[in-house]
2 protein chains.
Amino acid sequence: MTNPVTKNYAHFEDLFVDQKIDLGATKVTKEMIFEFATEFDPFPFHLDEEAANASLLGGLSASGWHTGAIALAMLLENLPSKLATAGGVGFTNLKWKRPVMVNDTIGGTVTISEMRRVKSRPEWGLITLDFDIRNQKDQQVMTMSLKNLVDVRNPAAPIGEALK
Amino acid sequence: MTNPVTKNYAHFEDLFVDQKIDLGATKVTKEMIFEFATEFDPFPFHLDEEAANASLLGGLSASGWHTGAIALAMLLENLPSKLATAGGVGFTNLKWKRPVMVNDTIGGTVTISEMRRVKSRPEWGLITLDFDIRNQKDQQVMTMSLKNLVDVRNPAAPIGEALK
């Protein structure tokens, strides 16, 4: 049963282990930091420029949760084609390695580190996406591993072992 | 060295293992789902009401990353007092257990499951916050464990073992 909307999107069979997606570059502005932090993470070091300038970090920093959301948006923008997905399952090991400061430009890569079919749901595959997010100095600012369900184009194909 | 801004905020010494914070209730509206997903997670099941109604889930669902950000905002809103914090370190085991659908009301609790001083930085303690996020039917929709740095009021106090 092919879904007419997603039939030309990337399916499980179109992806491969060690596939890398370059995330491009996003400048994290004061306005972006304010907007996100006001709604979700209202701490002074994200919202009060004067206090932030006087603090140890010496300036405004983005909410770590914001960095994660930006990384997700960059992945979706930079996928070679749209992805036929039933959504995310969860994350492991999200680490904020260093702060993202105002006017930093972040980028990095996402690597598909693991792929397997879902035995109980032949129409789905589970892929692991390792995020390596860096600033303009090539310093790592965040890592995380996202597990995501991807539609299988041919669910009748035998389900083998994990591809890695 | 007391920080005049945060001296009345909750410090490491004011928190305790097994402390529970009730998150109150937030209704997740169509407008909230659209706004977040447009910026960070632009998939049709978050943005296209007609397509979402026709899908297996039968309606719009919130971005899982959005659910996490809402949970963070609810924690900050419902802390008994402001928190003297140097920010988050990361989280483990974020799991989206079931979708958050449009007009669901989410809530739940955060429990401090572990606390320890940071040996190399006597001015900081590290606390683990276990999120248990549920919908209006008391079904679990998301869990995660966030590690966060909290200022120690008296850094000269001896650093013992972990409190749990």
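Two strands pair if DSSP finds at least two bridges between them. With that settled, I looked up S4(B), where B:Gly125 is the bridge partner of B:Arg117.

**Entry 1: the model.** I am working from a predicted model. I noted an average pLDDT of 91 for chain A, with 96% of the residues scoring at least 70. For the complex, the predictor gives an ipTM of 0.84 and a pTM of 0.89.

**Entry 2: strands of chain B.** I followed S3(B), residues 105-118, to its partners. S3(B) and S4(B), residues 121-134, run antiparallel and are joined by 11 bridges. I found 2 residues between these two strands, which form a hairpin. S3(B) also pairs with S1(B), again in the antiparallel sense, over 6 bridges.

**Entry 3: across the two chains.** I then looked at where the chains meet. I have 26 residues of chain A in contact with 25 residues of chain B. On the chain A side, the elements giving two or more residues are H1, H4 and S2. S2(A) provides the largest share of that side, 11 residues. Sorted by class, the chain A side has 15 nonpolar, 8 polar and 3 charged residues. I also checked the strands: S2(A) pairs with S2 of chain B, residues 85-96, in the antiparallel sense over 4 bridges. One of the bridge partners I wrote down is B:Lys95 in S2(B), for A:Gly90.

**Entry 4: helix H1 of chain A.** Which residues of H1(A) are buried? I list A:Ile33, A:Phe36, A:Ala37 and A:Phe40, in a helix that covers residues 30-40. Viewed down the helix axis, the buried residues of H1(A) fall within an arc of 95 degrees, so they line one face. An α-helix has 3.6 residues a turn, so residues three or four places apart point the same way. On the other side of H1(A) I find A:Glu31 and A:Thr38 exposed. The cover over the buried residues includes H2 (44-47) and H4 (64-78) of chain A, and also H4 (64-78) of chain B.

**Entry 5: the core.** The largest nonpolar core has 76 residues, and A:Ala71, A:Phe131, B:Ala71 and B:Phe131 touch the most other members. I listed the contacts of A:Ala71 beyond four places in sequence: A:Leu23, A:Phe131, A:Ile133 and A:Met142.

**Entry 6: A:Phe12.** I found A:Phe12 in the segment before S1 (20-27) of chain A. Is A:Phe12 buried or exposed? I count A:Phe12 as buried because 26 C-beta neighbours lie inside 10 Å, and the cut-off for buried is 20 or more. Leaving out residues up to four places away, A:Phe12 touches A:Gly125, A:Val150, A:Asp151, A:Val152 and A:Arg153. I also noted 9.0 Å between the C-alpha atoms of A:Phe12 and A:Arg116, which are 104 residues apart along the chain.

**Entry 7: positive phi.** A:Asn103 has a positive phi of about 70 degrees and lies in the loop between S2 (85-96) and S3 (105-118) of chain A. With 13 C-beta neighbours inside 10 Å, A:Asn103 counts as partly exposed. B:Asp18 has a positive phi near 80 degrees and sits in the segment before S1 (20-27) of chain B. B:Asp18 counts as exposed because I have 9 C-beta neighbours inside 10 Å.

Key: Residues are numbered from 1 along each chain as its sequence is written. Chains are lettered from A and ligands numbered from 1 in the order in which they are written. This is a predicted model: local features need pLDDT of at least 70, side-chain atom pairs count only at pLDDT 80 or more; totals for chains, interfaces and linings use all residues. A residue is buried if 20 or more other C-beta atoms lie within 10 Å of its own, exposed if 12 or fewer, and partly exposed in between; C-beta atoms are placed from the backbone. Two residues are in contact if their C-beta atoms, placed from the backbone, lie within 7 Å. A nonpolar core is a set of buried Ala, Val, Leu, Ile, Met, Phe, Trp, Tyr and Cys residues joined through C-beta atoms within 7 Å. The arc is that of the directions from the helix axis to the C-beta atoms. pLDDT is the predictor's confidence in each residue, from 0 to 100. Ala, Val, Leu, Ile, Met, Phe, Trp, Tyr, Cys and Pro count as nonpolar, Asp, Glu, Lys and Arg as charged, and the others, Gly among them, as polar.
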